[in-house]
Amino acid sequence: MDCFQTVSRLKGSLCQQLILFILWLSSFQDVVTLQTLLDPSHVSSTSELANPPSTGLFEPIEISPAVIPRYPYPGESLPPMYPTFPRTYEPNLTGRCPVNFSALSNIMGKTASDCSLPLAALVGNVICCPQLGSLLHIFQGYYSINSDMLVLRNAVANDCFSDIISILASRGANSTIPTVCTVKSSNLTGGSCPVKDVNTFEKMVNTSKLLEACSTVDPLKECCRPVCQPAIMEAALKISGTQMMLNENKNVIGETTHIDAINDCKGVIYSYLSRKLPPDAANTAFRILSACKVNKVCPLEFNQPLEVIKACRNVAAPSPSCCSSLNTYIAGIQKQMLITNKQAIICATMFGSMLRKGGVMTNVYELCDVDLKDFSIQAYGQQGCLLRSLPADVVFDNSTGYSFTCDLTDNIAAPWPSSSSMSSLSLCAPEMSLPALPTSETLKNPGCHGCMLEIWVPIFSFFVFSTFLY
């Protein structure tokens with residue numbers, strides 16, 4: 001009996017120890033899991049105020065505006081990631097634009113944030129300009145609600161365009177965005193499109209088909225299996241008169257005037273869609289259509305890489321001189337702008353094709369460890385940032401300033417082209433051939449430190465349960 005009691009006490013002690021161990025292990029697992037779930041993709045304008053974490057896993061740094069230090073070089077422009085807060089004020093309007101801008105307050109605020117003073121040039125191609133274009137389309141449609149016209153007269157367009165830019169600037173937007181985005185008041189007038197009134201438009205265009213195709217645009221399908229874009233082009237061909245001329249077998253495709261008319265008529269179609277759709281739905285649709293367009297082209301400018309070609313032409317193994325020359329060249333590219341992951345693939349392939357044309361046959365991206373992220377602005381020192389290919393926005397926070405979200409896959413190796421030609425590149429399935437995803441070794445990602453814990457906890461739980469049964 002004494003022996004049995006001793007065994008029971010020992011068993012109880014063992015169970016208690018195991019239960020305490022499991023509780024500790026579970027809490028430790030929660031801590032590790034929390035660490036692995038921290039989003040490394042959110043880039044805030046306050047990042048220059050702290051040293052970048054060594055693991056690359058961190059949350060946005062939140063710093064109260066009251067403790068933000070003065071920028072030590074007042075004569076120079078602020079670096080892109082330095083915390084900047086908009087100076088808001090009451091805009092000075094012309095008083096000649098017959099529109100209640102308060103009805104468009106939300107879309108104006110989003111545009112002002114996307115085109116913020118410190119970031120407009122850096123995100124212009126991907127975020128600011130697409131959103132500004134969408135705002136102009138929505139404004140055009142809103143203006144036409146109380147009119148039979150889908151466009152503005154020149155004089156009114158000038159005043160309204162001026163007021164739009166003034167309001168955006170008063171909310172923290174860069175006042176130079178018309179130059180950054182190459183837009184002007186004539187974008188509101190319909191230009192050379194011959195159809196500008198609602199009645200004629202609805203007689204010539206199958207509006208039911210147009211609205212069905214563009215009311216809800218699928219962000220995952222539209223760019224590769226378009227539905228809305230063909231409907232817009234079909235309507236543009238009809239109202240521009242180009243379709244009739246094509247049917248008469250006249251050669252108009254190469255004529256600049258007809259191409260301009262088609263583009264101007266697309267603006268009229270956007271105005272009609274804005275007239276029929278809620279502002280948020282129209283903005284979402286227009287942003288997706290813009291994303292399809294910008295993700296087809298590399299927006300970066302490449303100078304002739306003569307030094308890189310000279311240093312890398314005959315290398316077959318890692319070469320310090322080749323990699324140094326390549327890194328120096330890419331460092332210049334990184335000062336241009338933020339680009340998307342799809343744009344980075346195109347840019348890397350384009351630059352690789354330039355090198356191949358110069359006689360560099362070896363995959364120097366692999367030899368010199370060049371990633372896709374290396375073709376975009378570096379947000380945290382050596383950590384590059386690629387924007388997502390889907391429409392994204394700049395976010396303003398009263399504590400952290402302006403921020404944006406980076407893509408999580410920007411550690412993918414840059415693709416080396418198989419030839420010096422760009423004609424075969426496609427980013428649409430099933431034709432696309434994307435770079436391989438990074439392995440755990442290349443990522444050096446500590447995110448799997450908790451993997452063994454997830455296995456051991458059920459094992460210990462089973463052991464304790466068995467002990468109770470015993």
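**Exercise 1.** Which residues of α8 are buried?

*Solution.* The model is predicted. Start with the extent of the helix: α8 runs over 228-240 and has 13 residues. From its first C-alpha to its last, α8 reaches 18 Å, close to the 18 Å expected at 1.5 Å a residue. Next, take the residues under 20% relative accessible area. In α8 these are Cys 228, Ala 231, Ile 232, Ala 235, Ala 236, Leu 237, Ile 239 and Ser 240.

**Exercise 2.** Describe the largest pocket and find which helix supplies the largest share of its lining.

*Solution.* Begin with the volume, which is about 1,400 Å³ for the largest pocket. Its lining holds 37 residues, and those closest to the centre are Gly 133, His 137, Tyr 270, Ser 290 and Lys 293. Then go through the helices: α3 (120-144), α5 (177-181), α8 (228-240), α10 (256-276) and α11 (279-294) each supply at least two lining residues. The largest share, nine residues, comes from α3. Finally, sort the lining by residue type, which gives 17 nonpolar, 15 polar and five charged residues.

**Exercise 3.** Does Ser 389 count as buried or exposed?

*Solution.* First locate the residue: Ser 389 lies in the loop between β3 (383-384) and β4 (395-397). Its relative accessibility is 17%. The cut-off for buried is under 20%, so Ser 389 counts as buried at 17%. To see its surroundings, leave out residues up to four places away in sequence; Ser 389 then touches Ala 291, Asn 295, Thr 340, Asn 341 and Lys 342.

Note on methods
Residues are numbered from 1 along each chain as its sequence is written. This is a predicted model: local features need pLDDT of at least 70, side-chain atom pairs count only at pLDDT 80 or more; totals for chains, interfaces and linings use all residues. Side-chain values use heavy atoms; hydrogens and water are left out. On a 1 Å grid over the protein atoms alone, a cavity is a set of points where a 1.4 Å probe fits but cannot get out, and a pocket is an open set with protein on both sides within 12 Å along at least five of seven lines; lining residues have an atom within 4 Å of a point. Grid points are joined across faces, edges and corners, and a volume is the space filled by probe spheres set on the points. Helices (H or I, at least four residues) and strands (E, at least two) are DSSP runs, numbered from the N terminus. Ala, Val, Leu, Ile, Met, Phe, Trp, Tyr, Cys and Pro count as nonpolar, Asp, Glu, Lys and Arg as charged, and the others, Gly among them, as polar. The expected span of a helix is 1.5 Å times one less than its number of residues. Buried means under 20% relative accessible area, exposed over 50%, partly exposed in between (1.4 Å probe, protein chains only). Contact means heavy atoms within 4.5 Å.
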